[in-house]
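Dear colleague,

I am handing over the structure we spoke about, and below it I have set out what was found. Please read the notes with the model open beside them.

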Amino acid sequence: MISDALRAVILGVVEGVTEFLPVSSTGHLLLAGRFFGLGEDNFWKTFDVLIQLGAILAIVALYFSKLWKIALGMFSNEDDRRFVIGVLVAFLPAVIIGLIAGKYIKEILFNPWVVCFSLIVGGAVLMWVDQIDHKPHEHDATKFPLLMYLWIGVAQCLAMIPGVSRSGASIVAAMLLGADKRAAAEFSFFLAIPTMVGAFAYDFYKSRADLTTDHLGLVAIGFVVSFITAMIVVKTFLGYVTRHGFQLFAWWRVIVGTLGLVALALGF
């Protein structure tokens with residue numbers, strides 16, 4: 001048995017490492033809970049969602065100057081206003097699907113078998129897309145066509161299936177629609193901000209009455225750890241995928257998913 005504080009640290013590291021990589025943070029957190037006893041009860045499921053805000057704030061910190069410029073310019077600058085509208089357009093499909101089917105998705109699909117299969121299938125798709133010579137023509141995540149933003153948002157809805165990966169779905173969609181690898185990854189970061197803030201606010205509101213002072217302390221630990229870890233990961237991720245692509249992450253998904261299926265088949 002490990003202490004709750006150490007559990008919060010471990011889950012914070014897992015969240016910070018996996019949130020912006022195309023490997024599915026939700027899937028990894030769910031498997032960590034199943035195979036390593038890192039919390040499968042209701043509080044720890046809520047904890048997994050709440051600490052995502054720490055990772056999201058890492059993006060805000062890293063891109064603060066760009067985001068601040070866009071925020072100041074969206075009422076006077078056409079390009080800035082168009083980008084803000086594009087993010088909202090991409091965010092809207094997840095809101096609609098989440099409100100309609102979010103409860104049923106969690107009840108039916110949030111199990112380790114689904115995660116493992118999703119990791120493997122998603123890894124194969126990522127591997128395929130990474131090898132395509134799709135001749136990218138979009139090199140700036142803030143200047144995609146509005147229809148492209150919408151289709152990326154629709155693709156992101158697939159990530160409601162645990163193991164698919166929110167960043168993975170949006171990156172694959174952006175690349176298939178003509179974005180280069182760096183621009184695709186950057187837009188997945190920007191789209192994560194409203195998506196995960198919304199998820200945080202919704203889960204916090206639902207569980208606010210059940211959170212004790214001790215719970216809030218554990219959330220604070222996971223929040224800080226995920227923030228620091230995500231800062232480190234994002235700084236290195238863009239440079240890595242620009243030079244090497246997504247093969248490493250595709251193989252990681254396939255290996256983790258396969259090992260998970262073997263463990264489940266053996267009764268673990």
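Predicted model: local features only at pLDDT ≥ 70, side-chain atom pairs only at ≥ 80, totals over all residues.

Residues are numbered from 1 along each chain as its sequence is written, and side-chain values use heavy atoms, with hydrogens and water left out.

His28 sits in helix H2 (residues 25–36); helices here are DSSP runs of H or I with at least four residues, numbered from the N terminus. His28 has 12% relative accessibility and therefore counts as buried, since buried means under 20% relative accessible area, exposed over 50%, and partly exposed in between (1.4 Å probe, protein chains only). Apart from neighbours within four places in sequence, His28 is in contact (heavy atoms within 4.5 Å) with Val14, Thr18, Val23, Leu119, Trp252 and Val256. Its C-alpha is also 7.6 Å from that of Gly163, although 135 residues separate His28 and Gly163 in sequence.

The second largest pocket has a volume of about 410 Å³. A pocket is an open set of points on a 1 Å grid over the protein atoms alone, where a 1.4 Å probe fits, with protein on both sides within 12 Å along at least five of seven lines, and lining residues have an atom within 4 Å of a point; points are joined across faces, edges and corners, and the volume is the space filled by probe spheres set on them. This pocket is lined by 16 residues, of which His28, Leu31, Phe36, Trp252 and Val256 are the closest to its centre. H1, H2 and H12 each give two or more residues to the lining, and the largest share, 6 residues, comes from H12.

**The loop between H1 and H2**

Glu19 lies in this loop and, at 4% relative accessibility, counts as buried. The side chain of Glu19 makes a polar contact of 3.0 Å with the side chain of Ser25, and the residues in contact with Glu19 beyond four places in sequence include Gln52, Arg166 and Met196. Ser24 is found in the loop between H1 and H2 as well; Ser24 is buried at 3% relative accessibility, and its phi is near 80°, a positive value in a residue other than glycine.

Ser165, in the loop between H8 and H9, likewise is not a glycine but has a positive phi of about 95°, and Ser165 is buried with a relative accessible area of 3%.

**Nonpolar cores and aromatic pairs**

The largest nonpolar core has 47 residues, and Phe20, Phe144, Phe187 and Phe237 touch the most other members; a nonpolar core is a set of buried Ala, Val, Leu, Ile, Met, Phe, Trp, Tyr and Cys residues joined through side-chain atoms within 4.5 Å. The largest share of this core, 10 residues, comes from H10. A second, separate core of 15 residues includes Ala8, Ala32, Phe43 and Phe200.

There are 13 aromatic pairs, counted where the ring centres of Phe, Tyr or Trp (its six-membered ring) lie within 6.5 Å, with planes under 30 degrees apart called stacked, over 60 edge-to-face and the rest tilted. Phe20 and Phe189 form an edge-to-face pair, 5.5 Å centre to centre with 80° between the planes. This pair links distant parts of the chain, with Phe20 in the loop between helix H1 (4–18) and H2, and Phe189 in helix H10, 169 residues apart; both Phe20 and Phe189 are buried. The rings of Phe64 and Trp68, by contrast, have centres 5.9 Å apart and planes at 10°, so this pair is stacked. Phe64 and Trp68 both lie in helix H5 (residues 64–73), 4 residues apart, about one turn of the helix. Phe64 is partly exposed at 48% relative accessible area, and Trp68 is partly exposed at 48%.

With best regards

Conventions
Polar contact = N/O pair within 3.5 Å; in protein donor to acceptor, adjacent residues only side chain to side chain.
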